[in-house]
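Look at the sequence and the model together.

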Amino acid sequence: MHWTLLFVAALFEIVWAVGLKFTDGFTRLWPTAGVGGAMLVSTALLALAARALPIGTAYAVWTGIGAAGTALAGIFLFHENASPARLACLALIVSGVIGLKFLGK
């Protein structure tokens, strides 16, 4: 259950990070409100997950999924660089998250 909360929190982190692109420097009301809402949900779910998970693991997984997911969203939505080296680095982040999940205890 707590891992599910953490995963959903990370998805909301991706939403707010990608949403920043649409706020135009926080000058557009609805995208800015959406980013703020996603930030609140993401942080609240992280806090709930951290009740039962080690905070170091929870935070590392949250930021890792958020970082890798945001980078992938940038590649697909905004046609950002998808070089083999960049994809390899993203794979390292994902492998670290998987390692924390399964080797944490």
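Phe26 is exposed, because its relative accessible area is 52% and the cut-off for exposed is over 50%. In this predicted model, Phe26 sits in the loop between H1 and H2. Phe26 is not a glycine, yet its phi is positive, at about 60 degrees. Most residues other than glycine have a negative phi. Asp24 lies in the loop between H1 and H2 as well. The phi of Asp24 is also positive, near 55 degrees, and Asp24 is a residue other than glycine. With a relative accessible area of 53%, Asp24 counts as exposed.

Helix H2 covers residues 29-49, and its axis lies 8 Å from that of H1, at an angle of about 155 degrees. H1 and H2 are therefore roughly antiparallel, since an angle over 145 degrees counts as such. Their crossing is left-handed. On the H1 side, the contact includes His2, Leu5, Leu6, Val8, Ala9 and Phe12. On the H2 side, Val35, Ala38, Met39, Val41 and Ser42 are among the residues that take part. Sorted by class, the contact of H1 with H2 has 15 nonpolar residues, three polar ones and one charged one.

The axes of H1, residues 2-19, and H3, residues 55-78, come within 8 Å of each other and cross at roughly 40 degrees. That angle makes H1 oblique to H3. The cut-off for roughly parallel is under 35 degrees. The crossing of H1 and H3 is right-handed. From H1, the residues that meet H3 include Trp3, Leu6, Phe7, Ala9, Ala10 and Glu13. From H3, the partners include Thr57, Ala58, Val61, Trp62, Gly66 and Gly69. By class, the contact of H1 with H3 divides into 15 nonpolar residues, five polar and one charged.

Ala58 is found in helix H3. Is Ala58 buried or exposed? Ala58 counts as buried, because its relative accessibility is 0%. Apart from neighbours within four places in sequence, Ala58 is in contact with Leu6, Leu46 and Leu53. Leu6 is one of the H1 residues that meet H3, and Leu46 is one of the H2 residues that touch H1. Ala58 and Trp3 are 55 residues apart in sequence, while their C-alpha atoms are 8.5 Å apart in space.

Thr57 is likewise placed in helix H3. Its relative accessible area is 14%, so Thr57 is buried. Which residues does Thr57 contact, leaving aside neighbours within four places in sequence? Thr57 is in contact with Trp3 and Leu100. Trp3 is in H1, whereas Leu100 is in H4.

Leu100 brings in the remaining pair described here. H3 and helix H4, residues 84-103, pack with their axes 9 Å apart, at an angle of about 150 degrees. That makes H3 roughly antiparallel to H4. H3 passes H4 in a left-handed crossing. H3 gives Thr57, Ala60, Val61, Gly64 and Ile65, among others, to this contact. H4 gives residues including Arg86, Leu87, Leu90, Ile93 and Leu100. The contact of H3 with H4 divides into 13 nonpolar residues, two polar and one charged.

Now take the whole chain. The protein has four helices and zero strands, and its elements run α-α-α-α from the N terminus on. Its C-alpha atoms fill a box of roughly 45 × 35 × 15 Å along the principal axes. Among the contacts with a separation of 6 or more, 66% are between residues 24 or more positions apart. Of the 105 residues, 30% count as buried. The accessible surface is about 6500 Å², and 74% of that surface belongs to carbon and sulfur atoms.

Technical notes
Residues are numbered from 1 along each chain as its sequence is written. This is a predicted model: local features need pLDDT of at least 70, side-chain atom pairs count only at pLDDT 80 or more; totals for chains, interfaces and linings use all residues. Side-chain values use heavy atoms; hydrogens and water are left out. Axes are lines fitted to C-alpha atoms, for helices over the stretch in contact, and angles run from 0 to 180 degrees between N-to-C directions. Helices (H or I, at least four residues) and strands (E, at least two) are DSSP runs, numbered from the N terminus. Angles under 35 degrees count as roughly parallel, over 145 as roughly antiparallel, 65 to 115 as roughly perpendicular and the rest as oblique. A crossing is left-handed if the near helix is turned anticlockwise from the far one by less than a right angle, and right-handed if clockwise. Contact means heavy atoms within 4.5 Å. Ala, Val, Leu, Ile, Met, Phe, Trp, Tyr, Cys and Pro count as nonpolar, Asp, Glu, Lys and Arg as charged, and the others, Gly among them, as polar. Buried means under 20% relative accessible area, exposed over 50%, partly exposed in between (1.4 Å probe, protein chains only). Accessible areas come from the Shrake-Rupley method with a 1.4 Å probe; for residues, only the protein chains shown count as cover.
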